[in-house]
Amino acid sequence: MKGGYDHFMMKEISEQPDSTFNTMRGRIDFKNKNIILGGIKQYLSSIRRSRRFQMIACGTSYHSCLAVRSLFEELTGVPVSVDLASDFMDRSPPIFRDDTCIFVSQSGETADSMQVLKYCRAAGCLNVGVVNSVGSSISRETDCGVHINAGPEISVASTKAYSSQFIALVMLALKISNNVIDNRERHEEIINGLEEIPNLISKVLDKKDEIRDISLKYLHGKDSMLVVGRGYQYASALEGALKIKEISYIHAEGIQAGELKHGTLALIDDKMPVVAFATQDSFSPKVNSAIQQITAREGRPIIIMSEGDKMIDQSKASACIEVPKTVDCLQGLVNVVPLQLMSYYLSVAAGNNPDRPRNLAKSVTVE
Ligand code: UD1
Ligand code: F6R
């Protein structure tokens, strides 16, 4: 069952070159740069008429929505709201008939998300699912949707579902916006980037021994740590911190790098472990300045950086993990893998069972 791995979690992390490929299989014509999503075909014109996209999810699935939000807005020109299902229900905000609500869920059974789906159905908007479990409640009760086809995820901590949700949402944004001529070059760039993703994830997985050694040397036994990123990497920071918390039981906080100076810098000293996402993109100057703010206060971050990037000052880092570079909006698919691996190794080193974290369930069917 575990395919030679000690835990399902490691099996599922390692499966990502295949699971991400399966999410795209039959849906991306890489030669003609075309996206085919059978599940939304009939509803595409209604989706394109929407004045707003409202994404709803919990936990890791919520982070996959945050990871694609700016790409959605860039390509479609339509504002996107992303809400935690529980917070959405607490507010019960207005939903209009010309909104499209997108429900993202691995299990398709999460009670908080189902509750919002009922609310949205009553409001009369179009409801789209992005779900792993075929035949689940969310898959059945949405008007249409996209199955992410990641295969069963057994480990409580979600890993391969995150990368597949991310890709399914990117494909959805591409499909919705492929009638906009101005987008053509960007579309081609992203589709070419998607084709490479399984291979790039494999390259990060090849570094797992290095990532294990760095985790054990600098993070094992710590009580607390920060994970910093901005722009496309803010979602990676939140998701990385969630993984660390839920299976290694180390308190970890995902921080938007621009927010450091608004409070979190007070925590930085030579004892506070920090992981910083600093792969190259248009936000790099700002991220590098955040890293300087950390090192100036004796923080010694572990830096996740692009291969061969000469702009990163490695002299004050605890360690640097080089990852392959891809298109800016897809880089999170590569960057999240070292954090998935770190959380796994820290969990095992602490004597925990990463597949069965205390107090958590795979499918949260209570509100
Ligand atoms: C479908 C088949 C797939 C087949 C392919 C061939 C299923 C589950 N999928 O994939 O086996 O290889 O055609 O063209 O039979 N849906 C929702 N909400 C969701 C997710 C999906 O309503 O959250 C609906 C879709 O609108 C669609 C159906 O479920 O009607 C299947 O969706 P999906 O598996 O994504 O469709 P295809 O990729 O076309
Ligand atoms: C984290 C994790 C949870 C789920 C959340 C939503 O690793 O697994 O945070 O992501 O409970 O579950 P789904 O996606 O099934 O709605």
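Visitor: How many Å separate the side chain of K243 from an oxygen atom of ligand 2?
Guide: In this predicted model, an N or O atom in the side chain of K243 is 3.0 Å from an oxygen atom of ligand 2.

Visitor: And how much of ligand 2 does the protein bury?
Guide: The protein buries 90% of the 410 Å² that ligand 2 exposes when taken alone.

Visitor: Which residues are the closest to ligand 2?
Guide: Ligand 2 is surrounded by 14 residues, of which the closest are S61, S105, S107, T110 and E246. For S107, a polar side-chain atom lies 2.7 Å from an oxygen atom of the ligand. With Q106 the backbone is involved: one of its N or O atoms lies 2.7 Å from an oxygen atom of ligand 2.

Visitor: Moving to ligand 1, which residues are closest there?
Guide: The closest residues are R27, G39, T142, G145 and H147, within a set of 13 that surround ligand 1.

Visitor: Which atom of G145 lies 3.0 Å from an oxygen atom of ligand 1?
Guide: A backbone N or O atom of G145 lies at that distance from the oxygen. Two further backbone approaches can be listed. A polar backbone atom of G129 is 3.4 Å from an oxygen atom of ligand 1, and a backbone N or O atom of S139 lies 3.1 Å from a nitrogen atom of the ligand.

Visitor: What share of ligand 1 does the protein cover?
Guide: On its own, ligand 1 has 730 Å² of accessible area, and the protein covers 50% of it.

Visitor: Which elements give two or more residues to the shell around ligand 1?
Guide: Those elements are β6 and β7. Strand β7 gives the most, with four residues.

Visitor: Where does β7 sit in its sheet, then, at an edge or inside?
Guide: Strand β7 (144-147) is an edge strand, as is β4 (80-84), and each pairs on one side only. The sheet is open, with five strands in the order β4-β3-β5-β6-β7 and parallel pairing. From one strand to the next, the twist averages 20°.

Visitor: How many bridges join β3 to β5?
Guide: Five bridges join these parallel strands, β3 covering residues 52-57 and β5 residues 99-105. Within this pairing, Q54 stands opposite C101 of β5.

Visitor: Which strands does helix α4 lie across?
Guide: Helix α4 (residues 59-76) lies across β3, β4 and β5, and runs at about 175° to β4. Helix α6 (residues 111-123) also lies on this sheet, across β3, β5 and β6 (126-131), at about 160° to β5.

Visitor: On to the other sheet: what is the strand order in the one that holds β8?
Guide: The order is β9-β8-β10-β11-β12, again an open sheet of five strands with parallel pairing. Its edge strands, β9 (251-256) and β12 (319-323), each pair on one side only.

Visitor: Which residue in β12 is the bridge partner of I303?
Guide: The partner is C320. Strand β11 (residues 302-306) runs parallel to β12, and five bridges join the two.

Visitor: Which way do the β10 residues point, and are they buried or exposed?
Guide: V274 and A276 point one way, V275 and F277 point the other way, and all are buried.

Visitor: Which residues stand opposite A276 and F277?
Guide: V228 stands opposite A276. The bridge partner of F277 is I304 in β11. Strand β10 pairs in the parallel sense with β8 over three bridges, and three bridges also join β10 to β11, likewise parallel.

Visitor: Which side chain makes a polar contact with that of T23?
Guide: The side chain of S164 does, at 2.7 Å. Beyond its neighbours within four places in sequence, T23 is in contact with I148, N149, S164, I167, A168 and M171.

Key:
Residues numbered from 1 in each chain as written. Chains lettered and ligands numbered in written order. Predicted model: local features only at pLDDT ≥ 70, side-chain atom pairs only at ≥ 80, totals over all residues. Heavy atoms only, no water. Pairing = 2+ DSSP bridges. Axes fitted to C-alpha atoms, helices over the stretch in contact; angles between N-to-C directions. Contact = heavy atoms within 4.5 Å. Near = heavy atom within 4 Å. Polar contact = N/O pair within 3.5 Å; in protein donor to acceptor, adjacent residues only side chain to side chain. Areas by Shrake-Rupley, 256 points an atom, 1.4 Å probe, with all protein chains shown as cover. Buried < 20%, exposed > 50% of the residue type's maximum accessible area, 1.4 Å probe, protein only.
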